[in-house]
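Please open the structure in a viewer and keep the selection tool at hand.

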Amino acid sequence: MSFSVRTRVAFSDTDAQGIVYYGRYNPYFDLARVEYLRSRDLLGYHGDGEFVMRANDVEYFAPAVFDDELEIHVKIGRVGRTSITFQFETFKLPEQTLTVTAHQTLVYVDLSGRRAIPVPDDYKAKLGDG
């Protein structure tokens, strides 16, 4: 995956066993997705709709603990007519241990009607190949 961000595990991200609590990975994915969109000049995009989370799946492979440095990779997995799926891989540094993978599908919706609408072509064009 070509785009990545780094972060450190905060103490508040860990559970009673001292490892990253499973639910704390989603903010890491959000960070990577937001920075990816910023890099494509899509953060704060104003069109006829808004992106909302439709699906989020996560698979865990190895633990991370307090103060570990994590590198979160993100790329576009699929661009559909009304949705975009992002793929994530998280690695513990420096050993490059894969800790987690995930997919998030966001749907572009008309908020007033609460219905899916097509992702604008200019948005798709700026996404690139991920």
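**Before starting**

The model is predicted, with local features requiring pLDDT of at least 70 and side-chain atom pairs counting only at pLDDT 80 or more, whereas totals for chains, interfaces and linings use all residues. Residues are numbered from 1 along each chain as its sequence is written, and side-chain values use heavy atoms, with hydrogens and water left out.

**Stop 1: the whole chain**

Display the protein chain as a cartoon. Its secondary structure comes to two helices and six strands; helices (H or I, at least four residues) and strands (E, at least two) are DSSP runs, numbered from the N terminus. The order of the elements from the N terminus is β-α-β-β-β-β-β-α. The C-alpha trace spans about 45 × 30 × 20 Å along its principal axes.

Of the 130 residues in the chain, 38% are buried; buried means under 20% relative accessible area, exposed over 50%, and partly exposed in between (1.4 Å probe, protein chains only). Among contacts with a separation of 6 or more, 68% are between residues 24 or more positions apart, a contact being heavy atoms within 4.5 Å.

**Stop 2: the nonpolar core**

Select Ile72, Phe86, Phe88 and Leu127. These residues touch the most other members of the largest nonpolar core, which has 26 residues. A nonpolar core is a set of buried Ala, Val, Leu, Ile, Met, Phe, Trp, Tyr and Cys residues joined through side-chain atoms within 4.5 Å. At least two residues of this core come from each of H1, strand E3 (69-79), E4, E5 and helix H2 (121-127). H1 supplies the largest share, six residues. In soluble globular proteins, nonpolar side chains tend to be buried together.

Next, select Thr90, which is in strand E4. Is Thr90 buried or exposed? Thr90 counts as buried because its relative accessibility is 0%. Leaving aside residues up to four places away in sequence, Thr90 touches Tyr25, Phe29, Leu70, Glu71, Ile72, Thr97, Leu98, Thr99 and Val100.

**Stop 3: the aromatic pairs**

Show the side chains of Phe, Tyr and Trp. The whole structure holds 11 aromatic pairs. Rings of Phe, Tyr and Trp (its six-membered ring) pair if their centres lie within 6.5 Å; planes under 30 degrees apart count as stacked, over 60 as edge-to-face and the rest as tilted.

Select Phe3 and Tyr36, an edge-to-face pair with 5.6 Å centre to centre and 80° between the planes. Phe3 belongs to strand E1 (residues 3-8) and Tyr36 to helix H1, so this pair ties together parts that are 33 residues apart in sequence. Tyr36 is buried, at a relative accessible area of 1%.

Move to Phe51 and Tyr108, a tilted pair with 4.8 Å centre to centre and 50° between the planes. Because Phe51 lies in strand E2 and Tyr108 in strand E5, the pair ties together parts that are 57 residues apart in sequence. Phe51 is partly exposed at 23% relative accessibility, whereas Tyr108 is buried with a relative accessible area of 2%.

Then select Tyr25, Tyr28, Phe29, Tyr60 and Phe88, which ring pairs link into a cluster.

**Stop 4: the largest pocket**

The largest pocket has a volume of about 260 Å³. Of its 16 lining residues, Leu37, Leu42, Glu50, Phe51 and Tyr123 are the closest to its centre. On a 1 Å grid over the protein atoms alone, a pocket is an open set of points where a 1.4 Å probe fits, with protein on both sides within 12 Å along at least five of seven lines; lining residues have an atom within 4 Å of a point. The volume is the space filled by probe spheres set on the points, which are joined across faces, edges and corners.

Helix H1 (25-39), strand E2 (50-60), strand E4 (83-93) and strand E5 (97-110) each give two or more residues to the lining. H1 gives the most, with three residues.

**Stop 5: backbone details**

Most residues other than glycine have a negative phi, and most peptide bonds are trans. Select Leu93 and Pro94, which are joined by a cis peptide bond with omega of about 5°. Pro94 lies in the loop between E4 and E5.

Finally, select Asp41, in the loop between H1 and E2. Asp41 has a positive phi of about 60° although it is not a glycine, and it counts as exposed at 57% relative accessibility.
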